[in-house]
Amino acid sequence: MKLVIVESPAKAKTIGRFLGKGYEVVASYGHIRDLPSSAAEIPAAYKDKPWAKLGVDVNNNFETIYVVQKDSKKQITALKGLLAKADEVVLATDEDREGEAISWHLLETLKPKVPVRRIAFHEITQEAINEAISNPRDLDDSLVRAQESRRILDRLYGYELSPLLWKKVRGRLSAGRVQSVAVRLVVEREEERRAFRSAEYWDIEAELEAEGKPFKAALSSLDGKRIASGKDFDETTGALKGEAVHWLKKTEAESLAQALQGAVPWQVARVEQKAAKMRPYPPFTTSTLQQAASSLLGFAPRRTMQVAQRLYEGVDLGGGEREGLITYMRTDSVTLSGKALAEAGDVVRKLFGEQYHQVRKFQTKSKSAQEAHEAIRPTHLSRTPEEAARFVDGDELKLYRLIWNRTLASQMAEAELLKTSVDIEANVGGRTAGLRANGSVVTFPGFLKVSDTRQEDAELPPVAEGMQVGGGGAIALNGVAPCEHTTKPPARYTEASLIKRLEEEGIGRPSTYAPTISTIQQREYVEARGKTLVPTFLGIAVTHLLRQHFAEYVGLDFTARMEDALDRIANGGREWTDFLKAFYFGADDGEFGHGLEEKIEAEKDKIEFPAIPIGADDDGAPYVVRLGKSQPFIQRGEGGTDNTVTLPEGITYDELTVDIAKDLLLQKAKSNEPLGKDPETGNNVYALIGPYGPYVQLGEVTDDGKKPKRSGLPKGTVPGEVSLETALAYLSLPRKLGAHPETGKSVRAGTGPFGPYVVHDGDYRSLKAGDDVLTITMERAAELLKEPKKQRGQKTVLRVVGELPGGGKAEICDGRYGAYVTDGTYNATIPKDRTTDEITLDDAIALLKEAAERKPKKGAKKKAAAKKPAAKKKAAAKKPAAKKKA
């Protein structure tokens, strides 16, 4: 029996069908070994080593401690059992650094005594698997060393820099080679927005019509000077950059528009037509697929990769046949194999004709690209989206169509266009106004037959030089209107545009983009607002610290230089330990400065608790944002009770000004003054804001520390705008709504630690958006009380993976110790190296199967535990007697 090892169970299942008898195809479930993640994982032989916690001996050629990960131990035992029956081992992990390293770790752990072969393939098809089996190779040690260097560097980077963040910013933070640069990009875009100053400019638009077809012309020049547009203004001052253009302002635009209306006829001065061509884009790489899926399908990068993983690992084609629909989806390459090129040609000629086909061989422009794989393409281009719809639907079909269209378009002829520009002149009180209309028409669609590329300019009607506009001319003038424009600040990054920027800068790899963006959000450095990414004040503080003290390690060129070095290691052109020594200790050539170790030693005592600058007032007093225990706060000058105020949620750094900061401090000062007195008790009533939001308070804190009555206000309430009447209404809560229509028992509405609620006979329900605790009716309360109550400990479902073969469904839930997959009977923790979005139905089935083998069904423990109290009681009865005897 030949034992074939791949990474995932879905891949194993598909390949197993292709290979048939004589082969046992199993999964390693990704990486099986890694550096220790905790002290408990350090082997006994290394526990006394001073470098054991780091897992890397930097003073001994970067010797590493590798341990089998907890989640992999059971699978390793299973693999060893299968190995005992095998006469050959075939390592079939992916053909990239990570895949090569997985195979190396398998060899190091399993230590097979039978022959070992290494195979690789870019698509999961019968032909590709047969070709790989027929052409095995040796394990590529250079690729392994490149991956190991990257892993060691990331460990040194994170373990050496992160403790500085714990001490100077907040505990449990982390610095990461790719994540820190990604956060820096988001922060610096916010800083650009903060520095931005808008400018207002105007132009004029004319509504025209010829031969019954309407079109538009815009003012393009005045007395020979081009009319200013957004690109002509300085982003930081709002001023015009130069004098070569005319800045049209509101008053002039309105008077000129009116004058143009009465200055007919205008005259067509020039008509220019020229042929143009549009070329298709290359086939998809990982990042371009994520970008296209985001803009065209609205998919987040993780969703795109999750769907692509399912298409790659295979779908049921019917009759027990299973096959991957696309090639490997983590790739930098834009190249297509000769087979794919030939098949694309056949499909193009068959569907559209010979004139639509053009062979194109694209080359990857990125210097740091790894091209172990082809571009992402359908495994069979002859399988059109309509054909694929027999096997997939929903997200899978949408993404397959996108990939098929892009691949086929890349092998099609250029689109041919005829572009037309029409220049019109008008004499307005001795001034010459120029207007321009642009249009285009597709004369040969070429690749546009299958492309999502859109044409911006509409086709213009037939127009000739000398034609008159308005005043009874051939071209009718239907109206002239001034148009206002305002320059816009740089757009915040979306997930797709951040990935594009990371790729352009050579930062990260296809497999790291989506997890990186998830990580920076999970660690609260960045938050998503709609589709845009906004840095939190925590993310800004961390970036400021790293940028000030370790700029070279969060610079845009650091990772690019590192990836270049790793590529040289992978190609056998550089010794891996020399690279790590240069990074950690420094080198004469200054490739990585003086080295991380020396840099940390030089900077650690200079680092101060970060303060994010806002600006200074007229008196020169500085305003900054600092991080509090639960929320950021504004500090004026040296701080103190009257000079600090909690920063309300929702305010972003780009909109936080000194005026806003002063206003918040003023509101706080006003809130310290009572709104008035409670008529019943005579105590002062206050509207305040605390770490958890705004609230009202009756009376003051007494000398013995007893807290006065308080009641929370709705999120976003400004304390300075709360009236005495409103405050007293909240302080009177809970209020009685009446008797429940079914039980006759009292129903009340109030506010608590978790927000506003209604309660009946001890049964609580939270109010929903639109409900007001002060005005909610008995009828509405009864509706809420009828809804099922979420029980304590009730699972939070993150995603339904799919229907299980034996009935029921597999769900991924959020638990106290992380995400897990469950079928309602068994729970299985998701391995550390897998994200929740990557888990397929096959993965879930395999994890649940392991969980079932490990432990009894839920409830079995309870039955076993039923006997334990008696046993404990019996033991307890003996203990006193034993003590007396002693």
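Predicted model: local features only at pLDDT ≥ 70, side-chain atom pairs only at ≥ 80, totals over all residues.
Reader: Which residue forms a salt bridge with E192?
Author: Side chains of opposite charge can pair when their charged atoms come close. The partner of E192 is R189, with the closest N and O atoms 3.2 Å apart (the rule asks for a side-chain nitrogen of Lys or Arg within 4 Å of a carboxyl oxygen of Asp or Glu). Both residues belong to helix α6, 3 residues apart, about one turn of the helix. Helices (H or I, at least four residues) and strands (E, at least two) are DSSP runs numbered from the N terminus. Elsewhere, salt bridges with shared partners join R97, E98, R150, D154, R177, E563 and D567 into one network.

Reader: How many salt bridges does the whole structure contain?
Author: The search finds 55. One of them pairs R151 with D34, at 2.9 Å between the closest N and O atoms. R151 sits in helix α5 (residues 141-168) and D34 in strand β3 (residues 33-34), so this bridge ties together parts 117 residues apart in sequence. R151 is buried at 18% relative accessible area, whereas D34 is partly exposed at 21%.

Reader: Where in the chain are K339 and E123, which also form a bridge?
Author: Their side chains meet at 3.8 Å, N to O. K339 is in helix α10 (residues 338-352) and E123 in the loop between β8 (116-118) and α4 (126-134), so the two are 216 residues apart and the pair links distant parts of the chain. E123 counts as buried, at 6% relative accessibility; K339 counts as partly exposed, at 32%.

Reader: How many aromatic pairs are there?
Author: A pair of aromatic rings is described by the distance of the centres and the angle of the planes. Rings of Phe, Tyr and Trp (its six-membered ring) pair if their centres lie within 6.5 Å; planes under 30 degrees apart are stacked, over 60 edge-to-face, and the rest tilted. By this rule the count is 15. In one of them, Y66 and W104 have ring centres 6.1 Å apart and planes at 80°, so the pair is edge-to-face. Y66 lies in the loop between β5 (63-64) and β6 (67-68), and W104 in helix α3 (residues 97-110), 38 residues apart. Y66 is buried at 15%, and W104 is also buried, at 15%.

Reader: What is the geometry of the pair Y312 and Y328?
Author: The centres are 5.3 Å apart and the planes at 70°, so this pair is edge-to-face. Y312 belongs to helix α9 (residues 301-313), and Y328 to the loop between β15 (321-323) and α10, 16 residues apart. Y312 is buried at 2% and Y328 at 6%.

Reader: Which residues form one aromatic cluster?
Author: Y157, Y553, F558 and F583 do.

Reader: Which charged residue lies over the face of W104?
Author: R33 does, 5.7 Å from the ring centre (the rule: NZ of Lys or CZ of Arg within 6 Å of the centre and within 35 degrees of the ring normal). Another case is K2, whose charged end sits over the ring of Y23, 6.0 Å from its centre.

Key: Residues numbered from 1 in each chain as written. Heavy atoms only, no water. Buried < 20%, exposed > 50% of the residue type's maximum accessible area, 1.4 Å probe, protein only.
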